[in-house]
Amino acid sequence: MEIRQSKQPNFFLKKRVRLSIMIGLLGVLYVGAAVILNFNSAAFLYLDRGMIWLFQNFIPTSQSITYWYSITQALLRTFVVAVAATSVAGVLALVLAILGAKSTGPSRTLSWVIRGFASIMRNIPIVGWAMLLLFSFKQNDFTGFLALLFLSVGFLTRAFMETIEDVDVEKIQALQVTGASYLQVISQAVLPEITTPLISWLLYMIENNIRDATLVGLLTGTGIGFVFDLYFKSLRYGPAGLVVLAIIILVIAVELVSNYVERRIAA
Amino acid sequence: MLEINKLSKTYDGGKRSLTDVSLTAKEGEVTAIIGPSGAGKTTLLRSINQLIVDDSGEILFDGQDIRKLNHRQLKKTRSKIGMIFQNYNLIESLTTIENVLHGSLARKSTLAGVLSLYSKDEKQEALQLIDEVGLADFAFKYCSDLSGGQKQRVGIARSLMQHPKMMLCDEPIASLDPRSTTMVMEILRRLADEKHMMILINLHQVDIAKEYADHIIGLNNGRIVFDGATATATDRDIENIYVSDAPVAVG
Amino acid sequence: MISKPEKQLGVVPASRPVMPKLNLSFRLKDKRRRTIYGVIMLLMVTTLATVPTIIPKGVNLVAATQGLIDNIRIMFLHPAVSNTSFGSLVGALVQSIALAFLTTLIGAIFAFFIALMASRNLAPRWLIDIVQSAMAFVRAIPTILWVLIYSVALGLGANAAVIGLTFHSVAYLVKVYADSIDELPKDTLAALRAMGVGFWPLVSQVILPTVMPSFLSWTFIRFEINFANAVAVGAAAGAGGIGYQLFMASGFYFDFHEVGMIVYLILAFTIPLEIISYKLRTRYIKRAGK
């Protein structure tokens with residue numbers, strides 16, 4: 001049987017060349033980035049060191065265990081501040097998202113304004129927020145609260161807006177044609193449709209904010225981040241290790257709870 | 001030559017799927033397995049290459065009991081058995097020729113397989129097979145852009161690339177339109193006639209079975225209720241395969 | 001993962017034409033609603049109990065807010081460079097981008113191989129459990145702490161920053177990569193295995209081409225996160241880059257004109273990134289991208 005001439009005789013060659021160019025490019029970028037940073041790739045040979053450090057300091061000694069109570073107090077404080085910041089941000093973000101989403105917002109202009117606002121809020125680095133707020137509100141929990149709040153508002157507004165825009169427009173119109181008012185449509189059609197993703201975004205944000213709170217604390221001298229910094233800088237690694245352990249326990253507990261909640265609310 | 005003796009399978013949860021199934025299939029013949037849904041057709045076919053592990057019995061292929069092979073031997077035997085599926089199971093993000101070349105992977109070294117290093121002969125063979133199933137113009141098209149009938153023909157070409165002695169076809173035409181059905185069945189018939197291959201097909205269309213198969217096996221509720229040459233099978237025989245439809249035992 | 005609600009509202013079966021009894025607590029009858037109300041209540045109580053305790057006593061809130069607004073105005077309306085040069089700020093930005101790129105690339109390579117051990121389609125249950133638990137552990141430790149931990153072993157600087165950030169990237173990417181691999185149809189993999197295709201050819205010929213688009217989208221999202229982390233680490237661990245410049249301008253020189261310039265530089269990089277990431281996400285990842 002005669003084989004018809006294929007139209008792409010170099011198909012495999014082209015594919016291989018494309019792939020090689022891609023890999024080569026990534027390699028060049030890797031080397032370039034490593035040079036810029038003065039990063040030594042051999043550092044990965046020392047991966048075990050950090051792990052050993054961690055596990056050594058996880059084991060409480062009779063000396064470090066005396067810090068456990070004050071560590072858990074500071075962590076609990078950080079936790080509730082993170083929850084409060086996320087919740088307040090959630091309420092603000094919901095209002096902004098309803099006004100800003102294409103399907104529920106009053107005007108296109110407002111939609112773009114809110115979109116831009118959310119984008120700027122979440123793209124200003126948390127360091128920027130923390131330092132800016134520290135300057136005005138000084139060293140206290142309120143500064144950390146506001147920093148997390150601002151970042152979360154930006155992030156959640158964006159997420160909620162996308163969630164609302166995923167709701168089938170016809171479902172909204174179906175209620176509109178019955179003569180329902182704007183607020184009625186929002187509360188009876190939009191909100192019930194988005195509750196599940198809304199809650200899972202909130203829980204995700206809380207998890208994230210506990211971790212970010214550590215960073216904010218380091219920068220603004222508050223909460224668990226400050227406690228870690230204090231022990232770490234004074235070379236008290238035992239208690240510093242305990243701080244890490246306490247954070248791990250809290251974050252994993254929150255993750256388990258939020259997985260449980262998500263399973264229960266998934267329709 | 002394939003010989004199955006007293007094959008049985010019970011699923012977890014106690015649902016009995018196959019009971020003492022025995023049959024013989026020959027090279028150069030198309031054997032159709034027909035029967036109502038849930039009769040155990042798919043379980044039977046997938047037991048042959050041990051995609052589904054059965055409980056007891058004997059599957060003699062090339063004189064070896066497939067059920068007794070170790071991992072390495074099973075892999076080798078499986079590479080000699082082609083299989084096509086109702087839902088094609090192609091990699092849709094690759095082109096036709098790449099999917100067809102997958103049929104040669106079992107013969108290649110791991111490294112050559114990972115890096116897609118196919119020889120010129122292999123590429124040539126793949127193109128020829130693609131031409132044989134009538135898809136020469138689609139050799140370098142992505143499979144996601146093909147129609148159902150075209151995808152099934154890519155599936156056939158892929159299994160032919162394995163150089164199989166036997167083809168297992170699991171409801172190959174269930175999702176196809178009449179024109180594609182004819183095309184696919186004719187290709188399978190030709191493989192039996194010209195390449196002397198052993199073809200086993202699960203079907204639920206009786207008319208297709210009568211038209212293309214040499215041999216019909218009726219399966220109902222996990223038991224063989226008919227086994228005979230197509231030429232000798234009367235309409236009454238065929239009807240009985242379905243009439244004896246007893247409720248499927250559950251639990 | 002995020003599925004649509006409102007599927008379990010009590011519908012009376014047609015065979016039982018009895019009017020359901022209406023009472024006020026019908027909203028609390030099903031598990032899903034009880035959970036939702038429970039979570040909302042809990043968040044509300046925690047917030048209401050916490051907020052009053054964090055209002056600082058020694059700070060005049062009105063004056064502080066006024067100051068904040070003034071500083072924001074200075075930042076956005078009068079950006080300027082005074083303590084350093086514009087060129088060195090751009091250089092610092094490039095450093096942070098390099099850090100984000102490096103940690104994303106290394107993280108993606110590690111994560112790919114680990115994800116093969118964490119997917120239901122490829123690995124046995126016990127291995128998945130071990131790998132996923134290890135990853136949950138790594139994720140639980142904040143990035144900045146990973147960097148500081150490694151700075152004990154490797155000294156403060158780029159090496160510790162790269163390794164610290166890579167840790168978190170790996171843990172994050174393993175989870176999303178494994179989820180993507182899980183979405184591959186089991187039947188297709190079984191079909192290829194039945195043809196005698198070995199594990200590594202299966203990975204390169206079947207898994208990679210199929211999951212590539214979603215892998216790329218997730219990796220890009222991680223690049224965005226890693227850039228934010230690179231900025232943060234630069235500030236909090238003194239690892240250099242634009243984050244360090246930001247920290248110096250705001251915490252050392254108290255120069256909000258310069259903070260404004262730095263923020264504009266960062267936004268000039270992250271906002272296009274966000275737009276590309278959004279496009280990729282809506283195109284290749286069906287569910288909401290976290």
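These notebook entries record what I looked up in the structure, chain by chain.

**Entry 1: the model**

I note at the outset that this is a predicted model.

**Entry 2: chain A as a whole**

I began with the secondary structure of chain A, which comes to ten helices and zero strands. Read from the N terminus, its elements run α-α-α-α-α-α-α-α-α-α. I then asked how chain A stands against the globule rule. Its radius of gyration is 25 Å, well over the 18 Å that the rule gives for 267 residues, so chain A is more spread out than a compact globule. The box filled by its C-alpha atoms, taken along the principal axes, is roughly 70 × 70 × 40 Å. I recorded that 46% of the 267 residues of chain A count as buried. Among its contacts with a separation of 6 or more, 73% join residues 24 or more positions apart.

**Entry 3: annotated spans of chain A**

I consulted the UniProt record next. The unreviewed entry lists "transmembrane region" for several stretches of chain A, including residues 181-206 and residues 238-261. I examined these two in the model. Residues 181-206 of chain A are 96% helix and 0% strand, and the end C-alpha atoms lie 34 Å apart. Residues 238-261 of chain A are 100% helix and 0% strand, with end C-alpha atoms 35 Å apart.

The unreviewed UniProt entry also gives "domain: ABC transmembrane type-1" for residues 75-258 of chain A. In the model this span is 87% helix and 0% strand, and its end C-alpha atoms lie 19 Å apart.

**Entry 4: a helix pair in chain A**

Two packed helices are described by the angle between their axes and the distance between the axes. I applied this to one pair. Helix α4 (residues 108-123) of chain A and helix α6 (residues 141-166) of chain A pack at about 135°, and their axes are 7 Å apart. α4(A) and α6(A) are therefore oblique to each other. The crossing of α4(A) past α6(A) is left-handed. On the α4(A) side, the contact is made by A:Ile114, A:Ala118, A:Ser119, A:Met121 and A:Arg122. On the α6(A) side, I listed A:Phe150, A:Leu151, A:Val153, A:Gly154, A:Phe155, A:Thr157 and A:Arg158.

**Entry 5: chain B as a whole**

I turned to chain B, whose secondary structure comes to nine helices and ten strands. Does its radius of gyration agree or disagree with that of a compact globule? With 251 residues, a compact globule would have a radius near 18 Å, and chain B has 18 Å, which agrees. Its C-alpha atoms fill a box of roughly 50 × 40 × 30 Å along the principal axes. Of its 251 residues, 45% count as buried. I also noted that residues 24 or more positions apart account for 70% of the contacts in chain B with a separation of 6 or more.

**Entry 6: one residue of chain B**

I selected B:Val184, which is found in helix α7 (residues 178-195) of chain B. Is B:Val184 buried or exposed? It has 25 C-beta neighbours inside 10 Å; the cut-off is 20 or more, so B:Val184 counts as buried. Leaving out residues up to four places away in sequence, I found that B:Val184 touches B:Gly149, B:Gln152, B:Arg153, B:Pro172, B:Ile173 and B:Leu176. I also looked up B:Val133, which is 51 residues from B:Val184 along the chain. The C-alpha atoms of the two residues are separated by 8.5 Å.

For chain C, the unreviewed UniProt entry places "domain: ABC transmembrane type-1" at residues 93-277. I found this span to be 85% helix and 0% strand, with end C-alpha atoms 20 Å apart.

Which helices of chain C pack at about 155°? They are α9 (residues 241-251) and α10 (residues 256-284) of chain C, with axes 9 Å apart. That angle makes α9(C) roughly antiparallel to α10(C). Their crossing is left-handed. The residues in contact include C:Leu246 of α9(C) and C:Ile262 of α10(C).

Finally, I looked at where chain C meets chain B. The contact takes 17 residues from chain C and 20 residues from chain B. On the chain C side, α7 (186-194) and α8 (199-236) are the elements that give two or more residues. α8(C) gives the most to that side, with seven residues.

How values were computed. Residues are numbered from 1 along each chain as its sequence is written. Chains are lettered from A and ligands numbered from 1 in the order in which they are written. This is a predicted model: local features need pLDDT of at least 70, side-chain atom pairs count only at pLDDT 80 or more; totals for chains, interfaces and linings use all residues. Helices (H or I, at least four residues) and strands (E, at least two) are DSSP runs, numbered from the N terminus. The radius of gyration is taken over C-alpha atoms; the globule rule is 2.2 Å times the number of residues to the power 0.38. A residue is buried if 20 or more other C-beta atoms lie within 10 Å of its own, exposed if 12 or fewer, and partly exposed in between; C-beta atoms are placed from the backbone. Two residues are in contact if their C-beta atoms, placed from the backbone, lie within 7 Å. UniProt positions are given in the numbering used here, feature names are shortened, and annotations may be inferred rather than shown by experiment. Axes are lines fitted to C-alpha atoms, for helices over the stretch in contact, and angles run from 0 to 180 degrees between N-to-C directions. Angles under 35 degrees count as roughly parallel, over 145 as roughly antiparallel, 65 to 115 as roughly perpendicular and the rest as oblique. A crossing is left-handed if the near helix is turned anticlockwise from the far one by less than a right angle, and right-handed if clockwise.
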